[in-house]
Amino acid sequence: MKKHTFTFMGTAAGCGVPSFFCDCPACTEARENPACRRGDCGVMVRGEKTLIIDTPPDARHQLLREGIRTVDEILFTHAHFDHIGGLGEYEYLVQLVQKRPMPTYGSVIALQGILAEFHYMDYCLDMHALEPFDTHEFDGVHYTALPVTHAPGTYGYLIETPETRMFYASDTAKLPPETAERVRGCDILAMDATFWKRNWSPNDHHSIQECIEEGLALDAKTIYLTHMCMHYDEPITVAELEAYLEQYGGRVRAAADGLSFEI
Ligand SMILES: [Zn+2]
Ligand SMILES: [Zn+2]
Ligand SMILES: [Zn+2]
């Protein structure tokens, strides 16, 4: 069976780890150890072709790190800065190399938001709106847009290959019931785990504890925590987080920038 590789391009919430303005233990750990650094959230699925979900502000560094020479399609979860801020890096790929507009998918609201921010790039985006529960097939993988609990028009994507059913939702509070039912029992769940302990925005995000609780309740076989800020009330270092996750015996894992696996 043809294999695809899933890669976490970035795994941070909002301001990244380290945040330039922060000297907490988590940010200090990341300054000292590059393996603990996190750029804003995005993922990549590579088979014969390369699809990217979201274009965070760190897109250029992430693409360089992974040795990516071209991207064939872009899916968007939503149009917040931490997920679209790097879209401008693709203008030159389109202009100089591909010479055709980039196929770009997302909700109507997300696409409108992207055009509002990047109006000068309308000529290099070939936009296709996805309605909730629409499935888009690309390079042998099915991507189903599932509504999540975040800004209006935000999607998580159910990613299905012949071997793997996985759900990627970087930004969400508790999943809406219809989405939860579609996701139940998935092989891999990569989900919003923004806050350690107290959830500062319970209508839009999970805490790490809530992400784990919901993932276990959904019978996900493996749960990856992503969109993590690692600081706020009480910072948590990667070393501390990994020690905390030991109780789950490998079922719950912290995502990391550059972490890849086959799907
Ligand atoms: Zn910090
Ligand atoms: Zn957001
Ligand atoms: Zn976000």
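Predicted model: local features only at pLDDT ≥ 70, side-chain atom pairs only at ≥ 80, totals over all residues.

Colleague: How many helices and strands does the chain have, and what is its radius of gyration?

Modeller: The secondary structure consists of eight helices and 14 strands. The radius of gyration is 17 Å; a compact globule of 263 residues would have one near 18 Å, so the chain agrees with that expectation. Along the principal axes, the C-alpha atoms fill a box of roughly 50 × 40 × 35 Å. Of the 263 residues, 48% count as buried. Among contacts between residues at least 6 apart in sequence, 61% join residues at least 24 apart.

Colleague: In which order do the strands of the open sheet of seven strands follow one another?

Modeller: As a general idea, strands of a sheet pair through backbone hydrogen bonds, either parallel or antiparallel. Here the order is β7-β8-β9-β10-β11-β12-β13, and the pairing is mixed. The edges are formed by β7 (135–138) and β13 (252–254); each has a single partner strand, so one side of each is left without a neighbour in the sheet. On average, neighbouring strands of this sheet are turned by 20 degrees against each other, direction ignored.

Colleague: Is strand β1 largely enclosed or exposed, and why?

Modeller: Strand β1 (residues 5–10) is largely enclosed by the rest of the structure, because five of its six residues are buried. Its pairing with β2 (residues 42–46) is antiparallel and runs over five bridges, with Phe8 opposite Val43. Strand β14 (residues 260–262) is joined to β1 by three bridges, again antiparallel, and Thr5 stands opposite Glu262 there.

Colleague: Which residues of helix α1 are buried, and against what do they pack?

Modeller: The general idea is that an α-helix has 3.6 residues a turn, so residues three or four places apart point the same way. In α1 (residues 25–32), the buried residues are Ala26, Cys27, Glu29 and Ala30. They cover an arc of only 155 degrees around the axis, which puts them on the same side of α1. These buried residues pack against α8 (238–245).

Colleague: Are Lys197 and His227 buried or exposed?

Modeller: Lys197 is exposed, because it has 11 other C-beta atoms within 10 Å. His227 is buried, because 28 other C-beta atoms lie within 10 Å.

Colleague: Where is Asp219 placed, and which residues does it contact beyond its neighbours within four places in sequence?

Modeller: Asp219 is in the loop between α7 (208–217) and β12 (222–226). Beyond those neighbours, Asp219 is in contact with Arg184 and Gly185. Val183 is 36 residues from Asp219 in sequence, and their C-alpha atoms are 9.1 Å apart. With 11 C-beta neighbours inside 10 Å, Asp219 counts as exposed.

Definitions and conventions. Residues numbered from 1 in each chain as written. Chains lettered and ligands numbered in written order. Pairing = 2+ DSSP bridges. Helix = DSSP H or I, 4+ residues; strand = E, 2+ residues; numbered from the N terminus. Axes fitted to C-alpha atoms, helices over the stretch in contact; angles between N-to-C directions. Buried ≥ 20, exposed ≤ 12 C-beta atoms within 10 Å, placed from the backbone. Arc of directions from axis to C-beta. Contact = placed C-beta atoms within 7 Å. Rg over C-alpha atoms; globule rule 2.2 N^0.38 Å.
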